[in-house]
Amino acid sequence: MIGRFEHSPWDFWAEADDTAQAAQRAIQQQLIATLPDATLGTDCFVSELASVHTEVLRMGDRSYIAAGAYLTGDIRVGNDVSMNPYTVVRGRVVLGDGVRIGAHTSILGFTHTMADPDLPVFRQPLASRGITIGHDVWIGSHVVILDGVDVGDHTVLAAGAIVTKNVEAGAIVASNPARVLRWRIPPAGGASVAAHDLAECVAQFGDRARAAVGDILNRSWDADRELFLDRPGTPPTVRAQCDTIEIADLLLGTAPPQLPAVAQIERLRGWQDAATGEVPELGQPNSVTGDPDVDYHVLSVGYALDLLGAQFAEPLRLVTELTPDALTTFVDALPWADGAWHAGHWVDILGTALHWSARRGDDIPIGTREALFGWLITHVDPATGMWGRPTADEGLLQIVNGFYRASRGTFAQSGLPVPYPEAVIDTVLRHARDRRFFEPAAQNACNVLDVAHPLWLTRHTGYRAEEVGAVARTLLDDALSHWTAGAGFGFHAPSAGSPASEPGLQGTEMWLATVWYLAELAGVGDALGYRPRGVHRPEPATQVTP
């Protein structure tokens, strides 16, 4: 006689005897030894009557698989997840913490294609966009969730629901196809773009942004000092002046109206240190500081001047005095192993400094530019398409964000294809499923931009295009929800609760560009009515041979 725990395992570790517990541990050890990639947390339960044939199985603590369940593919499960009897979970599926799945439910993270009418469907290739289910989700019996669906946190999927589209956080859905009956947790500010036509929502957002740009710029303008602040109450910075120029160009097509364009050009050029080419922060002495914010002025000031029809007044000695050997030594010494983001930052600075120097016609040591590209090509990891290695505490964050910076300043800025673009897509899509960084409340402008741009940069391959589009639509929905009327975007999502959540110029400039990239990937970019032309421009910068 089969024990009751096979079908009702939730009390197993509290009530089963020592013999049964030892047998369960043996089942789990055999599973770990047999499957290609499997890890199970503490107090998990896997019925010996379940069929588990996954390529990847990751289970958090106190999660269980009951009798008759059938699992295949890449299955990643949080804590306190129940897969009740005869649950089917297949394909690429992520289940958050506290997901409870009723009997006979099917979660199918793949589908058959049917593009060739002359070939039987069963002989045509499979496609997979994957399914992501958030935290604290109650799924009734006999529910079907189809490939490409994201289910938000705190949702309820009523028994028998056929879920074909994304489900907003807090919704209670039912029927075939599933629709919102009511709200377990009502959405802040009303329904999100999931309830409307995406192109129309994007168009409405573009209109709102253009209507608000005057208020956004006035909010950050310090008339007494004739300088812009990132947000009220903060000191003026060089970057704030540059972000203002980018926002005004993007939404108004002109320089910021608070100060004549000629005056803004003279000011930015006048801040450059003639001895080094550096643009120090306001109030700092004219010296090379190594401060990442100051280093970023190569980008922000350079592109702000470019938008105003000007360029740096002085050579950027960072590269005009850099030999190929010195460049290689410098790039070799960057912290690629555990700080690929910082390393990519420096590659971006070097690549952009080389670009501005070429535009000015400055003498650059022969072979310096080629040394930079040569180093990148010979050091890229074919498995990830990126530079550096993942870290234990941040996963893929360092290499993905580092890839964006390094590729932006070199391959993208020069109009050259990146090595191993399909590996890049694989890595970015894997990273985008990391809820630590991509839960709506956890998002910030860097992390989302650094996913959107690499996916856009590699879109010509067509590889995993449906999955890329699905990720873009989800992130676009999130991004639009971060907007604050009349004030713009904070660097962090509003719900993060940090000072950086308050709307400011940096967050607004970065999120506006990110929204464009996501809208393009989602196929609705034309509806926005704007296109970045500064640091985050999609086109290669004009190439001038020195």
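In what order do the eight strands of the open sheet lie? The order is E2-E4-E6-E8-E13-E16-E18-E19, and the pairing is mixed. Strands here are DSSP runs of E with at least two residues, helices are DSSP runs of H or I with at least four, and both are numbered from the N terminus. Two strands count as paired if DSSP finds at least two bridges between them. The model is predicted, so local features need pLDDT of at least 70 and side-chain atom pairs count only at pLDDT 80 or more, while totals for chains, interfaces and linings use all residues. Residues are numbered from 1 along each chain as its sequence is written, and side-chain values use heavy atoms, with hydrogens and water left out.

Within the order, E6 (residues 82-83) and E8 (residues 100-101) run parallel and are joined by two bridges. Methionine 83 stands opposite isoleucine 101 in E8.

Further parallel pairing involves strand E3. Three bridges join E1 (residues 38-40) to E3 (residues 51-59). Leucine 40 has methionine 59 in E3 as its bridge partner. Eight bridges join E3 to E5 (residues 70-77), and these strands also run parallel. Here leucine 57 is partnered by isoleucine 75 in E5.

Two loops show backbone exceptions. Most residues other than glycine have a negative phi, and most peptide bonds are trans. Aspartate 43, which is not a glycine, has a positive phi of about 55 degrees. Aspartate 43 is found in the loop between E1 and E2. The peptide bond from asparagine 176 to proline 177 is cis, with omega near -5 degrees. Proline 177 lies in the loop between E18 (171-174) and E19.

Among the helices, H7 (residues 297-307) packs against H10 (residues 340-360). The angle is about 35 degrees and the axes are 9 Å apart. Axes are lines fitted to C-alpha atoms over the stretch in contact, and angles run from 0 to 180 degrees between N-to-C directions. The crossing is left-handed, meaning that the near helix is turned anticlockwise from the far one by less than a right angle. Contact means heavy atoms within 4.5 Å. On the H7 side are Val298, Leu299, Gly302, Tyr303 and Asp306. They meet Asp348, Ile349, Thr352, Ala353, Trp356 and Arg359 in H10. The contact residues divide into six nonpolar, two polar and three charged. Ala, Val, Leu, Ile, Met, Phe, Trp, Tyr, Cys and Pro count as nonpolar, Asp, Glu, Lys and Arg as charged, and the others, Gly among them, as polar.

A search of the whole structure finds four cavities of 30 Å³ or more. A cavity is a set of points, on a 1 Å grid over the protein atoms alone, where a 1.4 Å probe fits but cannot get out; lining residues have an atom within 4 Å of a point. Grid points are joined across faces, edges and corners, and a volume is the space filled by probe spheres set on the points. The largest cavity has a volume of about 80 Å³. Helices H4 (238-251) and H17 (505-521) each supply at least two residues of its lining. H4 gives the largest share, four residues. By class, this lining has five nonpolar, two polar and four charged residues.

The second largest cavity holds about 60 Å³ of space. Its lining includes Tyr303, Arg408 and His453. Helix H12 (residues 397-414) gives the most to this lining, with three residues.

Notes. On a 1 Å grid over the protein atoms alone, a cavity is a set of points where a 1.4 Å probe fits but cannot get out, and a pocket is an open set with protein on both sides within 12 Å along at least five of seven lines; lining residues have an atom within 4 Å of a point.
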